[in-house]
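Here is a friendly walk through a few contacts that you can follow on screen. Please load the model and keep a ring-plane tool at hand.

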Amino acid sequence: FCSGAGGIDRALVLARAPEGGPPLAVWIDVADTEHVEIDPSWYRSYGLRASVSHRVVFHDAPVLARFGGPGALAEQPWFGRDALRTAASWAGMADTATDGALAELGARPEPGALEGLAVGRIITEQRTVGLWLDAGARAMDSGEDLAAVALHARVAIAAACRTLLDEAARACGSRPFAQGSALDRARRDLEVFLLQHRLDPQLARLGLHV
């Protein structure tokens, strides 16, 4: 997705050299209307609406600069650090969903055992996310086994986020989603965001190596 398309002047995009090979990270002037076409009608998702993820087509757009060589964006420690920063954004959306769910459940006239169990499960998943972020932060500082820690952290955080969202939705029912609450928006955004990241192939390769 091209987040910010139409509202920014420069973008870092991936492009392949004519001879092929790993992609290059290149700096492009996306305000250049002669070479850059932005289609605001393409993105129709119910989630991440505010990210301005329009479709962008480049027509021989000049490359202003290159960042490293081919495949440099996937090199360590840069890729692992970037992956963990992305996971931190998932955690922020999960925190918003947690706050929304707790507010909804706490406002009920007589919260009972079922509400208590739901809150306990939600907080457990939120704590799981926090623990993996802490582990990722330590790996970023030390550099020790960063690639593996970043992958395990993203897998665990994604799973915890999905469980948290499911628990919150089942406990709260349809009302917060019908009213477009903070829980509704956090769920819409986070579900779409998580679908951009295919972690199973990476985890399978790591598992086979182990």
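## Two helices side by side

Helix 2 passes helix 3 in a left-handed crossing, a label used if the near helix is turned anticlockwise from the far one by less than a right angle, with right-handed for clockwise. Helix 2 covers residues 113-142 and helix 3 covers residues 146-172; their axes come within 9 Å and cross at roughly 165°. That makes helix 2 roughly antiparallel to helix 3, the term for angles over 145 degrees. The axes are lines fitted to C-alpha atoms over the stretch in contact, and angles run from 0 to 180 degrees between N-to-C directions.

What kinds of residues make up the contact of helix 2 with helix 3? They divide into 18 nonpolar, five polar and three charged. Here Ala, Val, Leu, Ile, Met, Phe, Trp, Tyr, Cys and Pro count as nonpolar, Asp, Glu, Lys and Arg as charged, and the others, Gly among them, as polar.

## About the model

This is a predicted model, where local features need pLDDT of at least 70, side-chain atom pairs count only at pLDDT 80 or more, and totals for chains, interfaces and linings use all residues. Residues are numbered from 1 along each chain as its sequence is written, and side-chain values use heavy atoms, leaving out hydrogens and water.

## Aromatic pairs

A search of the whole structure finds two aromatic pairs, with ring centres within 6.5 Å; planes under 30 degrees apart count as stacked, over 60 as edge-to-face and the rest as tilted. The rings of Trp 27 and Phe 67 have centres 5.9 Å apart and planes at 65°, so this pair is edge-to-face. Trp 27 lies in strand 2 (residues 24-29) and Phe 67 in strand 5 (residues 63-67), so the pair ties together parts that are 40 residues apart in sequence. Trp 27 is partly exposed at 31% relative accessibility, and Phe 67 is partly exposed at 44%; buried means under 20%, exposed over 50% and partly exposed in between, with a 1.4 Å probe and protein chains only.

Trp 42 and Tyr 43 form a tilted pair, 6.2 Å centre to centre with 45° between the planes. Trp 42 is partly exposed at 43%, whereas Tyr 43 is buried at 13%.

## A charge over a ring

The charged end of Arg 187 sits over the ring of Phe 177, 5.0 Å from its centre. The criterion is NZ of Lys or CZ of Arg within 6 Å of the ring centre and within 35 degrees of the ring normal.

How values were computed. Helices (H or I, at least four residues) and strands (E, at least two) are DSSP runs, numbered from the N terminus. Angles under 35 degrees count as roughly parallel, over 145 as roughly antiparallel, 65 to 115 as roughly perpendicular and the rest as oblique. Rings of Phe, Tyr and Trp (its six-membered ring) pair if their centres lie within 6.5 Å; planes under 30 degrees apart count as stacked, over 60 as edge-to-face and the rest as tilted.
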